[in-house]
Amino acid sequence: MSRMFDSMKIGKMVVSNRFVRSATCENMANDKGFVTDNMIKMYKTLAKGEISLIILGYMYIHPFGRAFKYQTGIYSDDHIPGIKEVVDTIHKENGNVVIQLAHAGPQTYPQIIGTTPLGPSKNVRNPFTFSKPKEMSESEIQESITLFGDAAERAVKAGVDAIQIHGAHGYLINQFLSPYFNRRTDKWGGSDENGFRYLKEIFLQIESVIPKEIPLLIKLNAHDHTQKEGITPTLAIKYAKWLVDLGISAIEISGGTNHYSTFDVVRGEIPSEELVQWVPEGIRDSAKNMFKEMQGKYNFQEAYNLELAKSIKPRIGKTPLILVGGLRTLSCMEDIIENGYADLISMCRPFIREPLLVKQIKKGRKDRSACSSCNRCVAALPNDFPVRCYENSFPNS
Ligand SMILES: Cc1cc2nc3c(=O)[nH]c(=O)nc-3n(C[C@H](O)[C@H](O)[C@H](O)COP(=O)(O)O)c2cc1C
């Protein structure tokens with residue numbers, strides 16, 4: 001039997017194999033962030049696939065931190081019953097459930113949150129919205145830290161097995177960590193220690209309100225791939241070591257930012273026609289040109305974050321490392337596990353395409369994902385379509 005089916009522990013949580021479903025925004029909640037029947041149905045299918053750890057799509061901890069209209073919210077106790085239904089659905093099939101907590105920061109749109117997005121600094125213009133964020137005040141920073149804790153408590157009430165902090169992909173926490181976005185000169189910026197402070201305070205706040213046996217995980221960028229230097233592997237190693245010192249239970253390594261270096265997160269094709277459907281008529285052509293200029297620069301490469309993982313793994317001792325980004329063939333995954341470059345293999349787009357992939361691999365019926373990384377599932381997000389595989393057809397195109 002493949003090493004991919006060896007069990008292991010993340011903190012006190014036992015996982016039955018090395019496959020992780022990386023957090024995937026479902027875009028299936030209603031416009032107040034409540035879980036819908038469609039979402040439960042999707043997880044019912046996914047849960048039958050024998051993935052040992054299913055990370056639900058990122059949930060926003062406050063309405064100002066929402067990235068997409070139909071993203072799931074966890075900012076009110078009223079959200080708990082719906083989320084619990086998803087958790088129970090997955091537990092019935094013996095999968096472990098993780099909730100990923102997020103604040104979009106500047107990676108959202110005023111029309112979604114009804115105000116100017118918040119960020120650590122106001123300097124960097126968002127290439128999609130052409131706007132700059134509002135620099136967070138001390139009280140806004142403190143309030144958001146408390147809100148992460150409140151959301152974690154709700155996740156526990158919903159019955160989760162673990163919590164993941166979304167510290168990657170250019171969202172609020174990533175922006176505090178990144179010298180490209182964080183230009184503050186107070187205690188929240190200006191040095192590596194100060195840039196780390198926001199994440200550290202969130203970690204400590206969450207840790208103080210959840211039971212000890214619930215592992216706390218993080219998704220961390222090991223490279224921002226931004227125009228000017230942001231998080232680099234050297235800085236990521238420093239952050240990873242500090243997270244280990246704090247007692248993090250596992251680190252998922254990723255790279256890229258959703259608005260400032262989009263296709264470094266999801267390498268593959270750039271479906272420009274589909275991506276610009278939602279863009280207002282007057283600026284659609286310029287948006288299309290922007291995507292055309294990107295063509296060929298983000299070609300798919302298997303395990304495209306592997307070198308980042310290799311640089312971090314030897315520096316974090318026994319803390320499990322989860323690798324995400326372009327994992328598609330069983331032989332590559334086995335090679336990574338056997339060589340100890342990572343402990344778990346995380347996938348997103350392959351499970352959108354084939355929710356039962358792991359079960360089929362276990363039965364020897366498959367040894368690779370059929371996902372072509374066409375990225376039309378990515379284009380579903382800004383168009384407010386539910387996330388599913390649109391390789392063969394895309395609404396309205
Ligand atoms: C449709 C879609 C939704 C995503 N939603 C999230 C999310 O909610 N949280 C997150 O950390 N990453 C999210 N990602 C990024 C994935 O988790 C993953 O890091 C990336 O797709 C690379 O992995 P893959 O090659 O296996 O798809 C999303 C990606 C896609 C395609």
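Which residues in α4 meet which residues in α6? In this predicted model, Ile141, Ile145, Thr146, Phe148, Gly149, Ala152 and Glu153 in α4 meet Tyr198, Glu201, Ile202, Gln205, Ile206, Ser208 and Val209 in α6.

**Helix α4 with helix α6**
- Helix α4 spans residues 138-157 and helix α6 spans residues 192-209.
- Their axes come within 8 Å and cross at roughly 35°, and the crossing is right-handed.
- The residues of this contact comprise eight nonpolar, four polar and two charged.

**Helix α6 with helix α7**
- Helix α7 covers residues 233-246, and its axis and that of α6 come within 11 Å, crossing at roughly 40°.
- The crossing of α6 and α7 is right-handed.
- On the α6 side the contact residues are Asp192, Phe196, Lys200 and Phe203, which meet Leu235, Lys238, Tyr239, Trp242 and Leu246 in α7.
- By class, the contact of α6 with α7 has six nonpolar, no polar and three charged residues.

**Nonpolar core**
- The largest nonpolar core holds 119 residues.
- Val98, Leu101, Ile163, Ile251, Leu323 and Ile345 touch the most other members of that core.
- Apart from neighbours within four places in sequence, leucine 101 is in contact with Met59, Ile61, Ile74, Phe148, Ala151, Ala152, Ile163, Ile165 and His166.
- Two of these partners, Phe148 and Ala152, are also among the α4 residues that meet α6.
- In soluble globular proteins, nonpolar side chains tend to be buried together.

**Ligand shell**
- The ligand is surrounded by 26 residues, of which Ser22, Ala23, Tyr58, Cys348 and Arg349 are the closest.
- At least two shell residues come from each of β3 (19-24), α13 (349-353) and α15 (376-380).
- Strand β3 gives the largest share, three residues.
- The shell consists of 15 nonpolar, nine polar and two charged residues.

**Tyrosine 341**
- Tyrosine 341 sits in the loop between α12 (330-338) and β14 (344-347).
- Tyrosine 341 counts as partly exposed because it has 18 C-beta neighbours inside 10 Å, whereas a buried residue needs 20 or more.
- Beyond neighbours within four places in sequence, its contacts are Leu306, Ala309, Lys310, Lys313 and Ile336.
- The C-alpha atom of tyrosine 341 is separated by 25 Å from that of leucine 199, and the two residues are 142 residues apart along the chain.

Conventions. Residues are numbered from 1 along each chain as its sequence is written. This is a predicted model: local features need pLDDT of at least 70, side-chain atom pairs count only at pLDDT 80 or more; totals for chains, interfaces and linings use all residues. A residue is near a molecule or strand if its C-beta atom, placed from the backbone, lies within 6 Å of it. Helices (H or I, at least four residues) and strands (E, at least two) are DSSP runs, numbered from the N terminus. Ala, Val, Leu, Ile, Met, Phe, Trp, Tyr, Cys and Pro count as nonpolar, Asp, Glu, Lys and Arg as charged, and the others, Gly among them, as polar. Axes are lines fitted to C-alpha atoms, for helices over the stretch in contact, and angles run from 0 to 180 degrees between N-to-C directions. A crossing is left-handed if the near helix is turned anticlockwise from the far one by less than a right angle, and right-handed if clockwise. Two residues are in contact if their C-beta atoms, placed from the backbone, lie within 7 Å. A residue is buried if 20 or more other C-beta atoms lie within 10 Å of its own, exposed if 12 or fewer, and partly exposed in between; C-beta atoms are placed from the backbone. A nonpolar core is a set of buried Ala, Val, Leu, Ile, Met, Phe, Trp, Tyr and Cys residues joined through C-beta atoms within 7 Å.
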